[in-house]
Amino acid sequence: MLVQQLINGLTLGSVYALIALGYTMVYGIIELINFAHGEIYMLGAYMGIISFSFLTTLHLTSPTSGVTFLIMMIVAVLFCGACGVTMERVAYRPLRGASRLSPLISALGVSIFLQNFVMLAQGPRDKGFPHLFSGGGIDFPGGRISAIQIFIMATSVIMMVGLQLLVHGTKIGKAMRATAQDKQMASLVGIDVDRVISVTFLIGSALAAVAGVMVGMYYGLINFFIGYIAGIKAFTAAVLGGIGNIPGAMLGGLLLGLIEALGAGYISSEYKDVFAFAILVVVLIFRPSGLLGKDISGRV
Amino acid sequence: MISGWRIWCVMAGAIVVLALGQAHAASAIKIGVAGPFTGDQGAIGEQGKNGAIIAVEEWNAKGGVLGKKIEVVWGDDQHDPKQAVAVANKFLNEGVAGVIGHYNSSCSIPASTIYHDGKVVQISWGSTNPQLTDRGLWNVFRTIGRDDQQGSVAAAFIAKKLKKTKVVVLHDKTTAGQGQADEVVKALDKDKIKPVYYGAITQGEKDYRPVLTAVKQKNPEALYYGGYYPEAILLTKQMRELGMKAVFVSSDGVWQQEYIDIAGKAAEGAFITFTPDQTKIKEAQGVIKKHKEKFGSDVGAYTVYSYVAANMLLDAIAATKSTDGPKLANHIRKTKWKTALGPIQFDKKGDVLVSPFVVWEVRDGKFVEVR
């Protein structure tokens with residue numbers, strides 16, 4: 001069972017990691033917990049279904065082809081990226097000079113708005129998500145890894161590696177790191193801080209969109225409220241790994257998924273959330289900045 | 001800063017609106033209808049809503065009750081006990097003559113205390129947990145049966161018909177879900193069967209694979225789930241994805257077409273307990289037909305229960321010529337009702353005297369009663 005639980009946990013954790021990255025990047029750059037980020041993930045899932053329905057009912061592509069899936073992903077990514085950038089422009093940028101509380105409340109407002117908008121537009125019921133992966137998988141003595149699980153883990157790894165390459169190997173990545181370190185200095189050396197912030201939101205939202213589409217396929221069911229729960233878990237993961245730290249979000253996400261799976265499997269399914277949060281509390285007591293976070297108390 | 005006189009205008013306007021609202025209310029009789037109208041159990045909430053709508057329209061077409069039009073105050077509790085309490089208080093503030101609701105036992109029970117203190121009659125159209133009526137509150141009734149009966153039907157089916165001895169029992173920590181799971185455990189015990197695993201899942205979550213993986217280790221032959229259809233869909237799908245062959249058995253909260261539609265092939269062969277086929281009851285044909293004409297779809301699991309409850313309340317108001325809670329409750333309890341579900345009579349706790357539960361099977365994408 002251990003191997004099966006590890007597979008379950010890593011799959012779950014990969015999804016948490018993708019969403020957590022959005023939280024951590026935005027926090028790193030403008031010190032805002034974007035509470036509406038979970039809703040971007042939810043929108044990604046819905047865009048997946050909408051584009052799938054569009055394609056298949058017009059018989060443009062077959063329901064099980066890879067092309068359909070690719071188009072779903074691209075549509076979701078573009079839509080959510082646009083949402084993320086718009087959200088920043090409309091709800092956060094005007095409040096950039098204000099106290100820390102204002103953009104936070106604004107974020108909550110955006111979150112409530114998006115949840116209710118989708119509820120009114122798409123209906124309050126669950127929507128079934130199309131099955132693009134048939135029950136294929138690999139059986140082995142310890143358990144079974146299904147095709148979709150392999151796919152989720154692979155996609156997450158590719159996204160995360162891609163992100164690291166972007167942040168450490170490109171000019172815009174360097175600009176992002178500089179802005180995260182010191183916004184004022186970055187603008188003084190000629191970095192377009194507004195653009196960097198928009199790009200950060202774009203990337204974070206794109207990752208959340210990918211997570212949304214994959215989760216839709218994995219569980220086969222979505223509703224307007226999934227962003228809330230996923231958002232809380234992913235935020236926890238980001239804090240666990242060190243908020244503002246990109247490898248930290250990845251580590252936090254995977255760890256949280258594993259803790260939940262192993263806790264539910266071995267100790268008690270009823271208290272599974274208790275373990276996840278208990279471990280978070282313990283980690284923060286001994287490492288207040290999270291597992292990979294830097295101790296910022298010495299900043300002058 | 002808004003200037004002084006503008007604030008006065010807004011306040012004056014608000015006062016006028018409030019006054020007008022009150023004036024309108026005095027000329028109608030209000031009843032409260034509560035249920036999970038929005039949220040993931042919305043499909044069930046809609047059934048309660050439609051049943052009440054048909055009943056109220058029928059009465060209003062005949063001139064309302066006590067010479068006044070009947071106005072429905074809707075209470076959406078989203079299957080959240082805290083919302084249910086807010087809804088209950090709202091109903092009392094609006095001065096409703098009675099409440100048709102709620103659906104979830106976790107909502108009906110806390111609300112019932114508020115209705116009791118407010119001396120308002122409550123008829124639930126779907127709460128099955130025994131505690132609702134066991135507390136002996138004079139104002140509480142229900143048109144559906146109880147989980148001690150439902151649980152023993154399920155347990156007897158598993159033990160005697162399916163002859164499964166390795167049983168896993170799961171629930172969703174809600175009043176009804178956990179209650180059903182515990183009743184099944186109690187009933188299985190009479191057949192000397194002890195569950196190989198007893199656990200809980202959380203509502204609203206999506207991934208039950210960790211729990212199911214742990215459960216799979218015990219090689220169960222049957223899995224009983226106490227809870228509602230949103231989680232049942234996920235459990236069933238994930239069970240099959242993990243390669244589990246155990247039979248899935250559950251209760252009335254899962255007897256929904258959504259369960260079959262969304263779980264798809266994975267739902268085949270599942271057994272769900274519910275009340276006998278309503279389409280075979282001749283008294284129900286009228287409301288079934290009306291529902292088809294008005295809403296274009298078949299009645300759901302609870303539509304007729306809500307319809308019957310609303311009719312009982314309105315009938316009681318007409319018969320006692322009052323909206324006094326204790327008088328209405330007395331009338332409801334003493335009357336030998338002839339309803340769309342057949343003859344109904346209440347015992348002194350507020351339960352119907354006869355309420356059978358039978359087992360249905362998911363076969364070829366439909367619910368089929370098991371003989």
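In what order do the 5 strands of the open sheet in chain B stand? In this predicted model, the order runs E2-E1-E3-E4-E5, and the pairing is parallel. As a bit of background, strands of a sheet pair through backbone hydrogen bonds, and this can happen in a parallel or an antiparallel way. The edges of the sheet in chain B are taken by strand E2 (69-76) and strand E5 (140-142). Each of these two has just a single partner strand, so one of its sides is left without a neighbour in the sheet.

Zooming in on one pair, strand E1 (residues 28-35) of chain B joins E2(B) in the parallel sense, over 8 bridges. Within this part of chain B, B:Ala28 sits opposite B:Lys69, a residue of E2(B).

Now for the helices that go with the sheet. Helix H3 (residues 81-94) of chain B lies across E1, E2 and strand E3 (98-100) of chain B, and its direction makes an angle of about 155° with E2(B). Helix H12 (residues 303-320) of chain B lies across E1, E2, E3 and strand E4 (121-124) of chain B. This helix, H12 of chain B, runs at about 165° to E3(B).

Stepping back, how is chain B divided into domains? The domain assignment gives domain 1 of chain B two stretches, 7-145 and 281-344, while domain 2 of chain B covers 147-274. The C-alpha centres of these two domains of chain B are 31 Å apart. Where the domains meet, 13 residues of domain 1 of chain B are in contact with 15 residues of domain 2 of chain B. On the domain 1 side of this meeting place in chain B, helix H2 (42-61) and helix H4 (105-117) each supply at least two residues. H4(B) gives the most to that side, with 3 residues.

The last contact to look at is the one between the chains. Here, 25 residues of chain A are in contact with 28 residues of chain B. On the chain A side, the elements that give two or more residues are helix H1 (2-30), strand E3 (143-146) and helix H10 (246-267) of chain A. And what kinds of residues make up the side of chain A that touches chain B? They split into 9 nonpolar, 10 polar and 6 charged.

Key
Residues are numbered from 1 along each chain as its sequence is written. Chains are lettered from A and ligands numbered from 1 in the order in which they are written. This is a predicted model: local features need pLDDT of at least 70, side-chain atom pairs count only at pLDDT 80 or more; totals for chains, interfaces and linings use all residues. Domain bounds come from an automatic or database domain assignment. Two residues are in contact if their C-beta atoms, placed from the backbone, lie within 7 Å. Helices (H or I, at least four residues) and strands (E, at least two) are DSSP runs, numbered from the N terminus. Ala, Val, Leu, Ile, Met, Phe, Trp, Tyr, Cys and Pro count as nonpolar, Asp, Glu, Lys and Arg as charged, and the others, Gly among them, as polar. Two strands pair if DSSP finds at least two bridges between them. Axes are lines fitted to C-alpha atoms, for helices over the stretch in contact, and angles run from 0 to 180 degrees between N-to-C directions.
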